[in-house]
Amino acid sequence: IELKSGILNIFLKTGIVFTQVDLWIGLSYCDGKWNEVTVNKEGSVVSASMNELREQMLEPHVQQLKVNSPVYVGGIPPEIQKFYKELSLEPGFGGCMKDVKFTRGAVVNLASVSSSAVRVNLDGCLSTDSAVNCRGNDSILVYRGKEQSVYESGLQPFTEYLYRVVASNEGGSVSSAWTRVRTRESIPQNVPTPSRVHSINGYSIEVTWDKPAGVIGVIEKYILKAYEEDGPNVPITSAELTDTSMLTGILTGLHPFTNYAVTLTACTLAGCTESLHALNISTPQEAPEDVQPPTAISFPTFLLMSWSPPKTPNGIITQYTLYMNGVPTYFGNGTKYVVTDLAVFTPHQFLLTACTLAGCTNSSQVTLFTAQLPPSHVDAPVLTVLDSRTIYVQWKEPVEVNGILDRYIIYIANNEHNFTKWNVIYNSTELFQDFTIQQLFPGTEYLIKLAACTGGGCSISEASTAVTDESTPEGVPAPKAQSYSSDSFNISWTKPEYPNGIITSYGLYMDGVLMQNSSQLSCYAYELAPWSLHSFRVQACTAKGCALGPLVEARTMEASPEGTVDVFATVDESGEVQLKWLAPNKPNGKLTYTVLVTGLFYSDQ
């Protein structure tokens with residue numbers, strides 16, 4: 001079907017039979033009113049009518065018309081047109097259509113059934129000045145001059161105009177063909193507030209609205225937006241609806257038990273306009289979301305339970321239910337509860353249920369333990385002396401741990417500090433049950449006790465005793481020799497720095513000769529020569545052997561010299577005398593000499 005040069009052409013091809021009907025209508029359709037076009041085939045008669053005009057053609061050989069492919073209205077796509085080159089199809093229709101019917105039945109809604117629409121207002125687009133836009137004789141002079149382009153303003157939005165150019169000179173003029181052009185749409189004006197909002201549930205609503213009046217152009221889509229009341233001026237959620245024949249839409253992504261303001265936005269290709277006012281609605285309550293499991297402060301025999309409100313309550317919480325090991329133990333609106341009469345360090349399964357009027361939601365299940373205590377009893381460790389410096393320690397795990405065993409600690413003390421100072425010699429979380437203590441002192445008695453620890457503290461065993469094997473002493477001191485007379489010494493010494501056992505005897509050597517062997521720490525030596533030099537050394541002995549200390553030398557005190565001093569005098573000159581003398585037979589000390597001179601011949605000069 002084509003409308004060209006005032007003629008409505010009908011082309012019908014069935015099989016090999018081609019039928020054409022031409023109806024002359026002139027410019028009668030260009031009156032600013034709707035025109036009704038009817039095409040009919042009844043048997044061998046093909047007819048066409050427009051308003052009051054009608055034309056028909058009888059074709060006896062025409063076949064039955066069967067439609068089993070898409071129907072194109074207003075034009076066909078380029079990829080289809082190449083198969084029907086004999087029709088010499090003109091450019092597609094550029095006007096407005098409504099009330100399209102095929103045979104008998106309801107009016108076809110082109111907006112809902114069409115798979116595509118190319119800039120056609122399917123709802124109608126009559127305007128008061130449409131009558132002057134298609135009459136060749138009613139054309140308006142837009143421009144006169146020598147330029148080859150012109151800009152025209154003040155046109156109606158979304159309106160089709162015909163343009164042609166007339167080139168003139170003194171010899172005459174020539175005209176171009178008419179060229180169609182359609183102005184773009186305008187942004188919608190006065191978009192109405194949604195007429196009705198209905199809650200489907202706490203998360204979605206159904207919105208109904210009226211079609212905006214006075215929209216010049218094709219409405220491409222509607223947008224529904226929901227804003228939180230008293231919230232930021234940013235929509236919480238929105239929905240785009242491209243089926244503009246539907247005036248009802250679903251808006252999802254809302255929060256239960258929340259006040260919203262809902263607006264409608266209508267869009268053409270030129271832009272979008274949102275309704276000035278909004279329709280308010282409160283979504284209903286739903287069951288809570290993100291219910292957090294309970295937490296607890298643990299004590300040995302009870303748990304102080306607490307919990308927080310759900311992150312997304314979705315309403316007013318009416319009740320909490322606390323389950324322990326699958327059995328409800330608490331009902332109410334509180335957020336704390338004490339579970340008593342529990343065993344030490346025992347696991348329990350807890351689950352919290354939070355409810356609104358719309359329903360209840362469970363938290364995830366959590367396992368909580370009562371607090372730990374120190375072990376009830378720790379056996380004393382078993383000690384094995386391996387040698388003079390090593391003790392092997394063994395122990396058993398406590399029978400009642402009262403928690404998770406965390407570490408073992410070994411304390412050690414010896415008789416050097418009368419067992420009052422305890423040192424930690426082993427502290428490990430590896431939970432071995434033996435340990436070798438090395439670098440001990442030989443022949444020393446040790447007390448060793450074991451501590452077993454849990455998260456609740458430590459319990460300490462009774463002490464076990466072990467004595468390392470003896471060895472020869474170490475660090476035997478140098479003796480201290482003091483002379484208070486010219487013929488004797490008082491010699492004393494201390495215990496070895498490391499006795500390495502029980503000292504059985506001390507030996508004192510003077511000048512390499514053992515002069516005393518006893519348990520005493522002192523000795524008296526007498527009948528010695530005055531100012532005589534002697535050496536001393538102490539020997540300390542255990543059952544395993546003896547060790548010598550360093551050598552010390554000392555002298556007895558001095559005594560008066562014994563014997564005579566022989567003097568020899570030689571006169572050198574009248575005023576000089578040279579004296580020489582011999583030492584006494586027994587000096588008995590470090591000698592100093594004094595020369596006395598007397599006589600009448602002596603002068604102080």
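The chain exposes about 37400 Å² of accessible area, of which carbon and sulfur atoms supply 51%; areas were computed by the Shrake-Rupley method with a 1.4 Å probe. Of the 605 residues, 31% count as buried, that is, under 20% relative accessible area with a 1.4 Å probe and protein chains only. The model is a predicted one, in which local features need pLDDT of at least 70 and side-chain atom pairs count only at pLDDT 80 or more, whereas totals for chains, interfaces and linings use all residues. Residues are numbered from 1 along each chain as its sequence is written, and side-chain values use heavy atoms, with hydrogens and water left out.

The radius of gyration, taken over C-alpha atoms, is 62 Å, while a compact globule of 605 residues would have a value near 25 Å under the rule of 2.2 Å times the number of residues to the power 0.38. Along the principal axes, the C-alpha atoms fill a box of roughly 190 × 90 × 55 Å. Among contacts (heavy atoms within 4.5 Å) between residues at least 6 apart in sequence, 61% join residues at least 24 apart.

The chain holds 2 helices and 44 strands, assigned as DSSP runs (H or I, at least four residues, for helices; E, at least two, for strands). An unreviewed UniProt entry lists residues 191-286, 287-373, 374-475 and 476-563 as "domain: Fibronectin type-III", although such annotations may be inferred rather than shown by experiment. Residues 191-286 are 0% helix and 45% strand, with end C-alpha atoms 33 Å apart; for residues 476-563, the corresponding values are 0% helix, 51% strand and 43 Å.

Note on methods: Buried < 20%, exposed > 50% of the residue type's maximum accessible area, 1.4 Å probe, protein only.
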